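Thank you all for making time this morning. I would like to walk slowly through a few places in one structure, so please keep the picture in view while I talk.

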Amino acid sequence: MAEQRDLYEVLGLQKGASDDEIKKAYRKLAKKYHPDLNPGDKEAEKKMKEVNGAYEVLSDAEKKARYDQYGFAGIDPNYAGGAGGGGFGGFQDFDLGDIFGSMFGGGFGGQQTRHNGPRKGENLRITLQLTFEEAVFGCEKSVSVTRNESCKDCGGTGAKKGTSPESCPVCRGSGQVQSTQRTPFGVFSSSSPCQNCKGTGKIIKEPCPSCKGEGRVRKTRTIRVKIPAGIDDGQTISLRGEGNGGTQGGPAGDLYVTVYVKEHKMFKRDGQDIILEMPISFAQAALGATLTVPTVDGKVQYDLPEGTQTGTVFRLRGSGVPSVNGRGRGDQYVKVNVEIPRNLNHEQKELLRKFDEATGDSCYSERGGFFKKMKDLFNKD
């Protein structure tokens, strides 16, 4: 069996990382290896699958707890790595989990793993990139998903059409076999998945040619995803029943779509509010003006009062981001920055000096200008 990388290592984390740290690490790597940003890059595609697999386990509290305690053996019943070698000398021939499992009713901790009943299909995760406007107003997007689906030809049984699976003669349909082990603590009985039927309890003598006896086939589907207005970067949409198909008549898993929003060249988002920094001229700030302000809804007019200082913020009510639950909408805040003119010619500079002198705030005048006020302040003692 090929060696598997530690799931925390895949996400660049230490064991015991918090849910928030796991989510942030996943978002960062998902953006780095996103197929849209790495077209045709097989290595990036491989990395993305690895990252998705790690996040699938570590974002699930139950799976994460099992992985933290037992490693891959806790999340994959077929995993056989790490057995034997070290710590118990000559006791490598028996499994303490089996011993204590038999003491407490089968299966470590009192629960017995059964594989011959209906099992829900695995959940799937994909990422989807949106424009700023698509996230604000919502939209519908098509995504391509490759998943395991129940075979139509055999109805998911794995048996050739017209035939049926038969009960396994080894485990008699239970999917489990009992074994007895002699240990230093005495003789114990334990159960394990039947190797003859792989724990299903069924034997397929004539496999379905379409699915080769698996009961599921790989299909690529195009699924329409409805994006709600107001969704934010990193949020996830759940599509019930759009994941991998179940086995033994079990329901399909779910599809989780995590969205990433492209940055806008003008707008920035703060929760339900939109922030815009807008340059204005010195004359507009001093004299006032009617500004044409861009918003996500289009351009609007705003009357800027005279004497507006740089850094002033004004609000456009209801021009922000709609709430995902449909209750209300945020505002747009516009911060004005006064642009200082550059590369003035001689005539323009003289006019500006005369204007400065006329206002009484000039370093060229003996009247009460800014520099004179500062001089008087420091010389008053």
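**A buried threonine, some salt bridges and a surface patch**

Let me begin with Thr258, which sits in strand 9, the stretch covering residues 255–261, and let me say at once that we are looking at a predicted model. Is Thr258 buried or exposed? Its relative accessibility is 4%, and because buried means under 20% relative accessible area, Thr258 counts as buried. If we leave aside residues up to four places away in sequence, Thr258 touches Tyr26, Ile126, Thr127, Leu128, Gly234, Gln235 and Thr236.

From there I would like to turn to charged side chains, and the structure holds 24 salt bridges. One of them joins Arg27 and Asp233, whose closest N and O atoms are 2.7 Å apart. Arg27 belongs to helix 2, residues 19–32, while Asp233 is in the loop between strand 7 (216–227) and strand 8 (236–239), so this pair ties together parts that are 206 residues apart in sequence. Arg27 is partly exposed, with a relative accessible area of 24%, and Asp233 is partly exposed as well, with a value of 22%.

Lys31, at 39% relative accessibility, counts as partly exposed.

Now please look at another salt bridge, between Lys64 and Asp68, where the closest N and O atoms are 3.5 Å apart. Both residues lie in helix 4, residues 61–70, and they are four residues apart, about one turn of the helix. Lys64 counts as buried at 13% relative accessibility, whereas Asp68, at 22%, counts as partly exposed.

Salt bridges can also be linked into a network here, and Arg147, Glu149, Arg221 and Glu242 are joined in that way.

Leu352 is found in helix 8, residues 346–359, and with a relative accessibility of 39% Leu352 counts as partly exposed.

That is where I will stop, and I am happy to go back to any of these places.

Terms used
Residues are numbered from 1 along each chain as its sequence is written. This is a predicted model: local features need pLDDT of at least 70, side-chain atom pairs count only at pLDDT 80 or more; totals for chains, interfaces and linings use all residues. Side-chain values use heavy atoms; hydrogens and water are left out. Helices (H or I, at least four residues) and strands (E, at least two) are DSSP runs, numbered from the N terminus. Buried means under 20% relative accessible area, exposed over 50%, partly exposed in between (1.4 Å probe, protein chains only). Contact means heavy atoms within 4.5 Å. A salt bridge is a side-chain nitrogen of Lys or Arg within 4 Å of a carboxyl oxygen of Asp or Glu.
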